[in-house]
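Dear colleague,

Please find below the structure that I am handing over to you. My findings follow it, and I would be grateful if you read them with the structure open.

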Amino acid sequence: MLGFQAAVNGDTPPAEGLSENDSGVELTNENSPLTAAEPPSPFSPKQNGDAASPQEGNQRSDESRKRGRKRSEEEESSWDSSYSEEKSSAESGAAQSGLRERPRPRTIFQAGPIPNAPGKPRRQNRKQEPSTPLCVDPQAAMVVASAVPEVPSLELMEQDSKDSAQSSSTSSSSETQPEYKDNKGFGIGELVWGKIKGFSWWPGIVVTWRATGKRQASIGMRWLQWFGDGKFSEVSADKLDSIIAFPKFFSQASYTKLASYRRAIFQALEMASIRAEKTFPPCESDSPEDQVKPMLEWANGGFLPKGEEGLKPTRSTESKLLDHQVLDVSLPEYFPSAKRPRVSLCKSKAAPEETYSREQMVNEVLKNKRSIEEFCLSCGKMRAATFHPLFEGGLCQACKDVYLEISYMYDDDGYQSYCTVCCGGREVLLCGNANCCRCFCVDCLDILVGPGASNSARHLDPWRCYMCQPLLQYGVLKRRHDWSLKLQVFFVNDNGQEFEKPKIYPAVPAEQRRPIRVLSLFDGIATGYLVLRDLGFKVDQYVASEVCEDSISVGVVRHEGKIQYVHDVRNITKKHIEEWGPFDLVIGGSPCNDLSIVNPARKGLYEGTGRLFFEFYRLLSEARPKEGEDRPFFWMFENVVAMGVNDKRDISRFLECNPVMIDAIEVSAAHRARYFWGNLPGMNRPLCASGMDKLELQDCLEHGRVAKFGKVRTITTRSNSIKQGKDQHFPVMMNGKEDILWCTELERIFGFPVHYTDVSNMGRGARQKLLGRSWSVPVIRHLFAPLKDYFACE
């Protein structure tokens, strides 16, 4: 993003290309207790982020490519590249086949001391597959799935809340020797939030290794038993946080959509309330949500009155089974179905909605000749709220919101985090086209294309996805011929909010045009000034708010002191605006750390760096022409696409317009999808490359270097973001060896002049951080070009 966040967040990477694969632990799965009726959701670390199904008879690891879900794309504010390097080293030993991240053979053990402990919901196909015992691989993932019980319930034993590592020869003293002696805290019995590779934060309890039936934990690691299903994982202590941090890690989206997450949250709070001796008044309502609501309020309020002290594990010598009747209640009894019918938000007086499965939808389309546009292509629901942007068919309101949020989320390998069709999927196939980063889930192939389509695709290496194959109909799946235009309309059109069209200013006669005056907030490395000068504008004044010293150095050196820097945006007052103004153009893009949905610790629009949007809004309001002033006035605000739908709508409500979505891939050699709000003329016109744009990676390389890919994934502040593909290859070959992108090559990819960031002896990492927070020059040129009809040019 832009340079402001460097100072606010200590140069933490923005939430843009983030992946959560950073704990060094991998999970496995055997038949999840979740029913097939529960929809796949990207918010579920249990459904979408787990290891692949057991291998069938003949191993096909050399014939196809598949992978499990990961819960993120674009940058966590405090997790750095060291974890990505951990992932890279872990993957280096994986099979170099078309089948991506296929788990190595391993033995399936019973997890936990209770014979009927349920298995943790893990990734699986909806169809049931027989479990096959596999052999042990010491380098494989450290988490082992348990057998599946008949009833999806969890029983946590009080022994798990005590240090059971004490020696049998201990004297009558009740004191126990601590099992975890690395001074990192989190002793046995503590209630915690845990984070493991490829999953969101999930509540659990620290247990002794004896409860797992496995080995002792490595130094710096803890054995966790997860709430919700009782499985065990060995997790780094650095990836744990106290249950007290409930407001920070609790995900309302997951709680709303996933029964497994609701079950886990309820069990964690039930145990916490017992420890804290907290009682809740009887609930008059029979609604499960109303019954759990006081517990959630208690947790979000800090577990008062006892707080953290009240949640400490008991040291009683009595070993009693926790008798929580509610833990044994079946899912449909205690929580509402995750797929309860909804009424379309676009129909004011809609008739009772017909609920279809996707299998029924396919039957209706093929046999009864119903139009596919009537159905939600993602879930099969009738009476779609809008169109699917890529394929013929519709989307219901709920699926549209999901699509808006995560369709531009990418994993560390550069591929989409979720299925191109449904934005979900427990298991996906990656497109084999080197320049395509799309993936399609097994369910979409087997249901929409035809039974067995996924197995056929596995035999093809490379397999080309349905966005790359010829424009034909595959089952009921058919790509729109005008999908690129539909995609733009999809992101602009929001039926929930309609705004007046912005005022259209008539073009100014050439002899009356004057130099432009600009206020740039969160200026970064002066991309706005660079583009204005490249387009030939005469710039009368360019006032830039920026706090990153490296960014300021670039602007001062490259533009010879012609930019007036005013530092922190929060210190700019109405008096300053009146003194520096009037302004003709106000531009900016606030930090995205707390807005991106891929940051599980995000604070949203109203907290943390998210609030800086309101500084832009405040100063934009101050800079607008006063009543009676009849002069052209333009503005533009930019931020990440992968933000929550509610945050996007709130920003649109304040700015009184919907954004356009522009991906720099059409005018550069790298993906970079961003939302742009504003009143610039022709913002939603098609993005067209000019003769000066470098569209292929090869065009950006120095002499003697060869590109392995035509385009690259989104380049962020993280060094690992330049690696490409499932095997994390560097994108360049030189002297027969893989090589990283040089700084001059990164500058060409973003559209900057060579050596633009080469100031003040900055190293490669610092220069990539500056570029990773910047705008794509060709995109800004596309947006600013129409202003030539209003302001003086050389």
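**Findings: the sheet, the cores and a buried glutamine**

In strand S17, Met-636 is the bridge partner of Ile-587. Please bear in mind that this is a predicted model.

Ile-587 belongs to strand S16, which covers residues 585-588. Strand S16 is joined to S17 (residues 634-640) by 4 bridges, and the two strands run parallel. Strand S13 (residues 516-521) also pairs with S16 in the parallel sense, again over 4 bridges. In that pairing, Ser-520 stands opposite Ile-587.

Strands of a sheet pair through backbone hydrogen bonds, either parallel or antiparallel. Here, 7 strands form an open sheet with mixed pairing, in the order S15-S14-S13-S16-S17-S19-S18. Strands S15 (564-565) and S18 (660-663) stand at the edges; each has a single partner strand, so one side of each lacks a neighbour in the sheet.

In soluble globular proteins, nonpolar side chains tend to be buried together. The largest nonpolar core of this model has 153 residues, and the members that touch the most others are Leu-448, Trp-635, Leu-655, Leu-783 and Phe-784.

Finally, I draw your attention to Gln-768, which lies in helix H21 (residues 764-772). Why does Gln-768 count as buried? Its relative accessibility is 2%, and buried means under 20%. Not counting residues up to four places away in sequence, Gln-768 touches Ile-715, Thr-716, Thr-717, Arg-718, Ser-719, Ser-721, Ile-722 and Leu-746.

Yours sincerely

Technical notes: Residues numbered from 1 in each chain as written. Predicted model: local features only at pLDDT ≥ 70, side-chain atom pairs only at ≥ 80, totals over all residues. Heavy atoms only, no water. Buried < 20%, exposed > 50% of the residue type's maximum accessible area, 1.4 Å probe, protein only. Pairing = 2+ DSSP bridges. Contact = heavy atoms within 4.5 Å. Core = buried A, V, L, I, M, F, W, Y, C linked by side-chain atoms within 4.5 Å.
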